[in-house]
Amino acid sequence: MSAYKKLNANDVKITPFEAHKQYTINHTGTGSYGVSGSYSYFQTSWTSESKDLFSDANRRYFQLDHLYYRDFLTTIDDKLDISDTPYLKQERRLYERANILSISQKNFGSGIQPGTFTLTGSFSGSQFNIKDDGYGNLYNDNQSTLVKTTFDRFSDPRGRLLYLGPVKGFKKYDLTTDNKTGQTLVNPPSWYNESYVYDDSYYLNQLKHKNIQFEGLSIPNASVWPTINFSASYQQAQTETLAGNTFPSYIEVNNSSQFDFNNDFSILIRFNDPGDGLGISDHNFLNQNHLMVSGARIYFISKNGEIPKVPTNLEGRAGLPLSTTRTGSSQIYYDKPSAQFPFELYYEYSSSLGGTATPRYVFRKSDGVNTVTLTRSATSNVNLNGDLIVIQKTGSQLEMWTGINQQTATDTTTGNCNNNSPIYIGSKGIHPNDTSQPRIYTNPPGNLYQIQIFNKALSIGEIALFAGVGLNASTRTGTKTVGNIFYDSGIATITHPYYLEVLGNASGSDNWTATYKNTHLIYEHEVTCTVAEDEFNQTRNITTRKIQSINSDELANFATGSLFKPYVTTVGLYNDEGDLLVVGKLGQPTKTSNETDTTFILRYDT
């Protein structure tokens with residue numbers, strides 16, 4: 001029979017501790033079509049369609065973007081390095097498609113243990129060994145020590161002052177649809193014109209887009225990469241008006257003192273042919289009469305363009321008094337470039353009109369007195385498909401790299417090269433003031449992508465890394481991250497365009513294996529059950545009665561003496577409603593004492 005006693009808070013002690021277990025899963029372990037009760041993996045993809053038309057893959061993409069990627073770059077806690085997943089330690093970039101491996105909570109507990117996740121297998125004839133670096137980044141460990149060491153030099157995003165992938169360019173492939181609502185626009189624009197757009201760098205530089213289009217570029221062994229097409233509007237202007245540069249395409253990056261380089265710096269740009277089958281020389285060096293123009297230039301990037309200004313009430317344009325009552329009188333206008341500039345990079349013909357054309361790349365910088373020019377010959381009618389060009393200052397030397405081929409010159413500038421010009425990409429500036437040049441000299445450069453500026457010079461190994469020499473497209477972003485793992489959610493994502501075949505199709509015969517250690521938070525409950533010396537000295541067990549019946553209340557002779565003490569065989573814990581929650585069976589009966597307290601300790605884990 002039982003006796004009851006109320007417990008108080010001092011009788012209960014709870015101690016948490018962690019337990020870890022390693023799991024191994026593979027493609028077949030996820031069940032048919034990649035789904036089981038414990039694991040699942042999916043392909044996800046962006047779409048500009050209305051949400052009413054979303055497939056499962058589209059819904060998962062938007063959920064992934066909303067929960068983990070969309071606001072990560074702009075969340076102040078992440079940027080200040082005070083959150084659980086600081087921006088400086090974890091890179092998150094979500095492209096047009098991604099693959100997701102999801103682990104159920106019963107298999108990851110309170111979280112996946114950082115630094116324990118691996119994903120191994122092969123795709124496209126190459127072995128991969130994707131690991132977790134302990135900060136939520138997934139990287140391919142099956143790369144050379146040199147590549148991994150080089151990646152580590154770019155681990156701090158603060159060294160990359162400008163980065164224009166454009167990572168999110170795929171959202172504007174289709175300008176006929178509002179990609180926020182999925183509805184078809186009544187009067188869709190032909191070109192993308194948008195201001196106050198952020199770049200993809202740590203510094204969130206503000207961009208202004210003028211008459212451009214975004215296009216996808218297919219790269220061998222990779223998904224489609226977004227590129228910026230500066231040529232489409234120019235081609236239309238040539239066809240419709242033969243007006244040359246009266247229909248400019250460019251991206252303007254707000255001026256910042258961090259771009260006024262007097263010390264080492266480097267600029268990387270990838271570019272490709274506009275895609276009409278013509279080489280760049282035939283494509284972009286025609287005047288209004290479709291004749292080759294000597295001195296015609298294609299600008300890749302320049303900080304030597306016109307300078308935006310807002311008139312004050314004391315000065316107007318061209319020295320005329322400013323009338324503040326006139327509509328638009330205080331609007332920004334563009335003034336002529338200054339004499340000094342930190343860099344400009346273009347591609348030009350250097351021969352006279354009608355002569356043999358000699359194309360070349362040109363890199364220039366000036367302190368206002370001394371102008372240094374570095375040139376490199378280019379192949380006539382070159383097809384600019386997936387090429388890389390790098391310009392940089394390292395010490396007193398200027399370098400130009402096309403691929404991994406180098407040209408050098410001595411930097412003869414002695415003064416500051418800073419100015420207030422924005423950075424112009426795809427053009428020298430808004431309305432070039434240099435009338436000595438042909439009006440067509442700011443022709444667009446076709447498609448540009450992976451535009452990056454660093455506050456340091458790069459080594460040949462680092463340049464080769466960006467060029468993807470021997471590595472196809474796997475290193476073009478210059479960072480090691482191929483995806484992310486979110487420990488508290490049990491979700492691993494593969495986002496890098498080159499690695500999207502790692503998990504493959506859920507219905508395919510792919511071969512991969514994943515391992516990880518989980519963390520189960522376990523609580524040890526210790527309950528102290530104390531029996532005072534004057535408690536529980538009697539028993540209602542019917543075996544102690546003369547007549548062994550629940551209806552009899554007369555004790556047997558052996559239970560009436562002073563030597564008789566009841567024995568405890570079971571200790572139970574009940575809630576306030578009398579429900580039995582925990583029961584503890586003793587190994588052998590224990591006699592209570594009427595001379596001292598008797599304490600029973602129950603321990604159990606949850």
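Let me start with Thr479, which, leaving aside residues up to four places away in sequence, touches Glu91, Phe151 and Arg160. Please keep in mind throughout that what we are looking at is a predicted model. Thr479 sits in the loop between α7 and β27, the latter being residues 481-486, and with a relative accessible area of 10% it is buried, given that buried means under 20%.

Phe151 takes us to helix α4, residues 145-153, where Val147, Thr150 and Phe151 are buried. Seen down the axis of α4, these buried residues fall within an arc of 105 degrees, and so they line one face of the helix. On the other side of α4 we find Thr145 and Leu146, which are exposed. What, then, covers the buried residues of α4? The cover includes α7, residues 460-467.

If we now look from α7 itself, its buried residues are Glu462, Ile463, Leu465, Phe466 and Ala467. Among the elements that cover them are α4, as well as the strands β15 (265-272), β22 (387-394), β23 (397-402) and β26. After α7 comes Gly468, and its phi is positive, near 75 degrees.

The strand β26, residues 447-454, also pairs with β8, in the antiparallel sense and over 4 bridges. Within that pairing, Tyr163 stands opposite Gln452 in β26. Strand β8, which runs over residues 160-164, is mostly covered, with 5 of its 5 residues buried, and Arg160, the other contact of Thr479 that I wanted to follow, falls within that range.

Let me turn to the cavities. How many cavities of 30 Å³ or more does a search of the whole structure find? There are 2. The largest has a volume of about 70 Å³, and its lining brings back Thr479 and Glu91, together with Arg93, Tyr95, Thr477, Thr481, Val482, Gly483, Asn484, Thr495 and His496. By class, the residues of that lining divide into 2 nonpolar, 7 polar and 2 charged.

The second largest cavity has a volume of about 40 Å³, and the residues that line it are Tyr87, Arg93, Pro157, Arg160, Tyr163, Asp200, Ser201 and Tyr202. Here the classes come out as 4 nonpolar, 1 polar and 3 charged.

Finally, I would like to show you another loop, the one between β16 (297-302) and β17 (307-309), where Gly305 has its place. Is Gly305 buried or exposed? At 2% relative accessibility, Gly305 counts as buried. Leaving out residues up to four places away in sequence, Gly305 touches Pro337, Ser421, Tyr424, Lys428 and Gly429. For a sense of how the chain comes back on itself here, consider the C-alpha atoms of Gly305 and Ser427, which are separated by 8.5 Å although the two residues are 122 residues apart along the chain.

Conventions:
Residues are numbered from 1 along each chain as its sequence is written. This is a predicted model: local features need pLDDT of at least 70, side-chain atom pairs count only at pLDDT 80 or more; totals for chains, interfaces and linings use all residues. Side-chain values use heavy atoms; hydrogens and water are left out. Buried means under 20% relative accessible area, exposed over 50%, partly exposed in between (1.4 Å probe, protein chains only). Helices (H or I, at least four residues) and strands (E, at least two) are DSSP runs, numbered from the N terminus. Two strands pair if DSSP finds at least two bridges between them. The arc is that of the directions from the helix axis to the C-beta atoms. Contact means heavy atoms within 4.5 Å. On a 1 Å grid over the protein atoms alone, a cavity is a set of points where a 1.4 Å probe fits but cannot get out, and a pocket is an open set with protein on both sides within 12 Å along at least five of seven lines; lining residues have an atom within 4 Å of a point. Grid points are joined across faces, edges and corners, and a volume is the space filled by probe spheres set on the points. Ala, Val, Leu, Ile, Met, Phe, Trp, Tyr, Cys and Pro count as nonpolar, Asp, Glu, Lys and Arg as charged, and the others, Gly among them, as polar.
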